[in-house]
Amino acid sequence: MKKVQQGFTLIELMIVVAIIGILAAVALPAYQDYTARAQASEGMTLLGGLKIPTSEALSNNVLAQACSTDASVDDDPATPANEAVPAGALAAENNLVLTGKYVDSIAASVDGANCALEATFKTTGVSDKLSGKLLRFTYNPANGNWNCTSDMPEAIRPKTCSSI
């Protein structure tokens, strides 16, 4: 009488383990890029939320005031040279979001006749590919165009952004 086989042979189990190992080796780098791109999208979202306040501020204020994240400075009566300075149009005290879970800070600066908004990513708690990287939106008030540049690797850089 023939014996009925029960279970898998060792070679069958080894083949299955090898296939799973190959799939994991291919999937892990793709997953890391996917995670980094998802984290980078926070910078795009935060900078995108500043587009309207920036363009509105530039239509109502001078470039240096409109393109500033500086906090206000109170008047100091003891020293007449220290006069009050209003907050920059893009300051956090104007209830604008300038940080996030992955974005360490957003700074605004005057770049010629343009306004540059720059998001800097954190160095801890983010993908290694994104750690300390920059994402910059530059607004040209003359034609109303926004330009995106970044120093992120091409694999995770948003498709609408060019390399710095």
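The legends below describe an overall view and several close-up views of a predicted model of a protein chain.

Figure 1. The C-alpha trace spans about 105 × 40 × 20 Å along its principal axes, and the radius of gyration is 25 Å, whereas a compact globule of 164 residues would have a value near 15 Å. Of the 164 residues, 28% count as buried, and the accessible surface comes to about 10400 Å², with 59% of that area belonging to carbon and sulfur atoms. Among contacts between residues at least 6 apart in sequence, 43% join residues that are at least 24 apart.

**Figure 2. Close-up of the disulfide between Cys 67 and Cys 115.** This is one of the two disulfides in the structure, and its sulfur atoms lie 2.1 Å from each other. Cys 67 sits in the loop between helix 3 (63–66) and strand 1 (103–111), while Cys 115 belongs to strand 2, so the bond ties together parts of the chain that are 48 residues apart in sequence. The torsion about the S-S bond is about 85 degrees, and the disulfide is therefore right-handed. Both Cys 67 and Cys 115 are buried.

**Figure 3. Close-up of the disulfide between Cys 148 and Cys 161.** The sulfur atoms of Cys 148 and Cys 161 are 1.7 Å apart in the model. This pair links Cys 148 in strand 4 (residues 145–150) with Cys 161 in the loop between strand 4 and strand 5 (162–163), the two cysteines being 13 residues apart. With 60 degrees about the S-S bond, the link of Cys 148 and Cys 161 is right-handed, and both of these cysteines are buried. When the bonded cysteines of the chain are numbered in sequence order, the pairing reads 1-2, 3-4.

**Figure 4. Close-up of the salt bridge between Lys 129 and Asp 33.** The structure holds two salt bridges, and in this one the side chains of Lys 129 and Asp 33 meet with an N to O distance of 2.2 Å. The pair connects distant parts of the chain, since Lys 129 lies in the loop between strand 2 (114–121) and strand 3 (134–140) and Asp 33 lies in helix 1 (residues 10–49), 96 residues apart. Lys 129 has a relative accessibility of 32% and so counts as partly exposed, whereas Asp 33, at 17%, counts as buried because the cut-off for that class is under 20%.

**Figure 5. Close-up of the salt bridge between Arg 136 and Glu 118.** The closest N and O atoms of Arg 136 and Glu 118 are 2.4 Å apart.

**Figure 6. Close-up of a nonpolar patch on the surface.** The patch is formed by Leu 10, Ile 11, Met 14, Ile 15, Ile 19 and Leu 23, which together have about 630 Å² of accessible area. Among them, Leu 10 is placed in helix 1, and with a relative accessible area of 62% this leucine is exposed.

Methods. Residues are numbered from 1 along each chain as its sequence is written. This is a predicted model: local features need pLDDT of at least 70, side-chain atom pairs count only at pLDDT 80 or more; totals for chains, interfaces and linings use all residues. Side-chain values use heavy atoms; hydrogens and water are left out. A salt bridge is a side-chain nitrogen of Lys or Arg within 4 Å of a carboxyl oxygen of Asp or Glu. Helices (H or I, at least four residues) and strands (E, at least two) are DSSP runs, numbered from the N terminus. Buried means under 20% relative accessible area, exposed over 50%, partly exposed in between (1.4 Å probe, protein chains only). Patches are made of residues with over 30% relative accessible area and no salt bridge: like charges are joined within 9 Å, nonpolar side chains (Val, Leu, Ile, Met, Phe, Trp, Tyr) within 5 Å. Accessible areas come from the Shrake-Rupley method with a 1.4 Å probe; for residues, only the protein chains shown count as cover. The radius of gyration is taken over C-alpha atoms; the globule rule is 2.2 Å times the number of residues to the power 0.38. Contact means heavy atoms within 4.5 Å. A disulfide is a pair of cysteine sulfur atoms within 2.5 Å.
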